[in-house]
Amino acid sequence: MALKSFVLIIAIFVVVTSISHASDPSPLQDFCVAINDPMAAVFVNGKFCKNPKIVTAEDFFRPGLNVAGDTSNPVGSAVTAVNVNNLAGLNTLGISFARIDYAPYGLNPPHTHPRASEILVVLEGTLYVGFVLSNPGPNMKNKLLTKILQPGDVFVFPIGLIHFQLNVGKTNAVAFAGLSSQNPGVITIANAVFGSDPPINDNLLAKAFQVDKKVVDYLQSQFWWDNSYRLV
């Protein structure tokens, strides 16, 4: 009797476990439009795999993160990303990496990673970092969590939440970040809202931000800098 009960428990556990995992895999790109013609299709949720017989150590190697990114830009920062697009061995592994350089008072502007959480460690300088929580409810403000980081300090930005880093020191700063996706994606808030192509209707943005339309028109006329620097 005890054996039958044990077998029944195991069977129920297997069924429940299989159901809990019966979901679509998380996408590794913004969208995937269905198409019937395979000749016009692209591979999704990763890239085509190289034959293991011809894989070499070079497929898992990428030099260059010892070199500082160019921070001579309007935001004063540069993000040097290492992901599946420039390190093929990351395909299917669910991780990527980045070096972030900051000029004095340089900013990595508010942005999100739609497909990854991020863990940041400071190597040099002093950073003011933070993220904003999702909408809490009616008539409630989004909570902001911030911290001043010194060399050796670690901070985590949860997946999908708006976050930022600001160098509050008079010298250059350097940080490294690990991300939980081979292709985490980046949405820089200001660039996406005011620098999209084609632009978002200015009346819509004026109403959303509760400002005069001239303010929106001015913001849309600016050049929105992309601080991402890719290894070649």
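1. In this predicted model, a polar atom of the Arg99 side chain lies 3.4 Å from the backbone oxygen of Asn66. The side chain of Arg99 also reaches the backbone oxygen of Leu65, at 2.7 Å. Arg99 belongs to strand 2, which covers residues 96–102.

2. Is Arg99 buried or exposed? Its relative accessible area is 8%, so Arg99 counts as buried, the cut-off being under 20%. Setting aside residues up to four places away in sequence, Arg99 touches Leu65, Asn66, Val67 and Ala68, then Ala78, Val79 and Thr80, and finally Val174, Ala175 and Phe176.

3. Ala78, one of the residues that Arg99 touches, lies in strand 1 (residues 77–82). Ala78 has a relative accessible area of 2% and is therefore buried, since the cut-off is under 20%. Apart from neighbours within four places in sequence, the contacts of Ala78 are Gly69, Asp70, Thr71, Arg99, Ile100, Asp101 and Asn227. Ala78 and Ile100 are 22 residues apart along the chain, yet their C-alpha atoms are separated by 5.7 Å.

4. For the chain as a whole, there are four helices and eleven strands. Of its 232 residues, 32% are buried. Among contacts between residues at least 6 apart in sequence, 74% join residues at least 24 apart.

5. Which strands make up the open sheet, and in what order? Five strands form it, in the order 6-5-8-3-10, with antiparallel pairing. Strand 6 (144–149) and strand 10 each have a single partner strand, so they stand at the edges and one side of each is left without a neighbour in the sheet.

6. The pairings can be followed through individual residues. Strand 5 (residues 127–132) and strand 6 run antiparallel and are joined by six bridges; Phe131 has Leu145 in strand 6 as its bridge partner. Strand 3 (residues 107–112) pairs with strand 8 (residues 163–167) over three bridges, again in the antiparallel sense. There, Asn108 is partnered by Gln165 in strand 8. Strand 3 is also joined to strand 10 (residues 187–188), by two bridges, and these strands run antiparallel. His111 has Thr188 of strand 10 as its bridge partner.

7. The second largest pocket holds about 260 Å³ of space. Its lining consists of Lys47, Phe48, Cys49, Lys50, Val55, Asp59, Phe60, Ala88, Gly89, Asn91 and Thr92. By type, the lining residues are five nonpolar, three polar and three charged.

8. Most residues other than glycine have a negative phi. Thr92 has a positive phi, near 75°. Thr92 is located in the loop between strand 1 and strand 2. With a relative accessibility of 58%, Thr92 counts as exposed because the cut-off is over 50%.

9. Gln210 has a positive phi too, near 55°. Where is Gln210? Gln210 is in the loop between helix 3 and helix 4 (213–220). Its relative accessibility is 71%, so Gln210 is counted as exposed.

10. Most peptide bonds are trans. The bond from Asp197 to Pro198 is cis, with omega near 0°. Pro198 is in the loop between helix 2 (189–194) and helix 3 (202–209).

Conventions:
Residues numbered from 1 in each chain as written. Predicted model: local features only at pLDDT ≥ 70, side-chain atom pairs only at ≥ 80, totals over all residues. Heavy atoms only, no water. Pairing = 2+ DSSP bridges. Buried < 20%, exposed > 50% of the residue type's maximum accessible area, 1.4 Å probe, protein only. Polar contact = N/O pair within 3.5 Å; in protein donor to acceptor, adjacent residues only side chain to side chain. Contact = heavy atoms within 4.5 Å. 1 Å grid on protein atoms, 1.4 Å probe; cavity = no way out; pocket = protein on both sides within 12 Å on 5 of 7 lines; lining within 4 Å. Points joined across faces, edges and corners; volume = space filled by probe spheres on them. Nonpolar A, V, L, I, M, F, W, Y, C, P; charged D, E, K, R; others polar.
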